[in-house]
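Hi,

Here is the structure I promised to pass on.

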Amino acid sequence: AKPGIKYVYNNWDFNALNTIFEKETGKKFFSAFRNDIAVPLQMEEFRLTDGYYHMEEGLSIHPAYPLRMSAKDLARFGLLYLRNGKWKGRQIIPADWVKHSTKAYSFDEYMKEAFGYMWFVSNNFAGKGKMFSSLGNGGQCLSVLPEKDLIIVHRVNTFEWKKDGNIVSNLENPAFVSNGQENNGLYIIKVNGFNGCSAEGFIQV
């Protein structure tokens with residue numbers, strides 16, 4: 001089908017994109033992410049060892065490149081997009097790229113969702129305005145609602161499994177980050193853990 005006509009999510013296209021990136025730039029993805037995103041964004045817990053290449057023989061000649069990230073650091077990335085690519089006065093990602101990458105291009109009438117450049121997009125999510133989301137393995141989720149000045153972060157432990165093979169998760173208790181002035185620049189993230197554990201983190205911006 002022509003672009004914009006049919007929606008089919010495909011992991012292998014995503015894998016191929018990194019092969020193109022590394023060939024065209026001469027950079028390794030995780031080092032580039034650290035230098036161009038994590039460091040200027042002042043991520044607190046990101047390490048190069050949080051990313052790795054994963055080959056799936058017989059499915060793709062291009063490796064996947066999963067990346068582990070804490071709720072606090074993932075929220076920082078969401079704030080970066082909420083602020084049109086700017087962090088503390090510095091333009092880390094071009095504002096035009098933020099605009100175009102979070103635009104809906106391919107639509108799925110059955111699922112009632114659309115896809116931008118690596119973002120799932122809803123132009124009017126539950127009547128709350130536009131929302132764009134990055135969805136990861138096992139239910140990981142970063143959602144940005146610009147009109148509500150809101151970021152939602154949901155983390156799961158993809159290394160802890162139930163007997164039936166389903167990922168252990170706590171979908172009822174995601175982490176919420178509000179970019180409201182009433183917080184005086186202090187962003188509170190509540191990270192609900194597993195087995196009844198929970199922790200709180202703070203980002204001063």
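Ala114 is buried, with a relative accessible area of 2%; buried means under 20% relative accessible area, exposed over 50% and partly exposed in between, with a 1.4 Å probe and protein chains only. The residue belongs to strand β4 (residues 113-115), where strands (E, at least two residues) and helices (H or I, at least four) are DSSP runs numbered from the N terminus. Ala114 lies 5.5 Å from Ala104, C-alpha to C-alpha, although 10 residues separate them in sequence.

Before going further, please note that this is a predicted model: local features need pLDDT of at least 70, side-chain atom pairs count only at pLDDT 80 or more, and totals for chains, interfaces and linings use all residues. Residues are numbered from 1 along each chain as its sequence is written, and side-chain values use heavy atoms, with hydrogens and water left out.

Now to the helices. α1 (11-25) has 15 residues and spans 22 Å from its first C-alpha to its last, close to the 21 Å expected at 1.5 Å a residue (1.5 Å times one less than the number of residues). Its buried residues are Asn15, Ala16, Asn18 and Glu22. They cover an arc of only 150° around the axis, so they sit on the same side of α1; the arc is that of the directions from the helix axis to the C-beta atoms. On the face turned away from this buried side are the exposed residues Asp13 and Glu24. Just after α1, Gly26 has a positive phi of about 75°.

The buried residues of α1 pack against α2. In α2 itself, Phe30, Ala32, Phe33, Ile37 and Ala38 are buried. Their arc is only 155°, which puts them on the same side of α2, and they pack against α1 and α3.

Ile37 also belongs to the largest nonpolar core, which has 28 residues. Such a core is a set of buried Ala, Val, Leu, Ile, Met, Phe, Trp, Tyr and Cys residues joined through side-chain atoms within 4.5 Å. α3 gives the most to this core, with eight residues.

Leu41 is among the core residues with the most contacts inside it. Beyond its neighbours within four places in sequence, Leu41 is in contact (heavy atoms within 4.5 Å) with Arg76, Phe77, Leu80, Trp87 and Ile92. Arg76, in helix α3, is buried at 4% relative accessible area, and a polar atom of its side chain lies 3.4 Å from the backbone oxygen of Leu41.

Best wishes

Key:
Polar contact = N/O pair within 3.5 Å; in protein donor to acceptor, adjacent residues only side chain to side chain.
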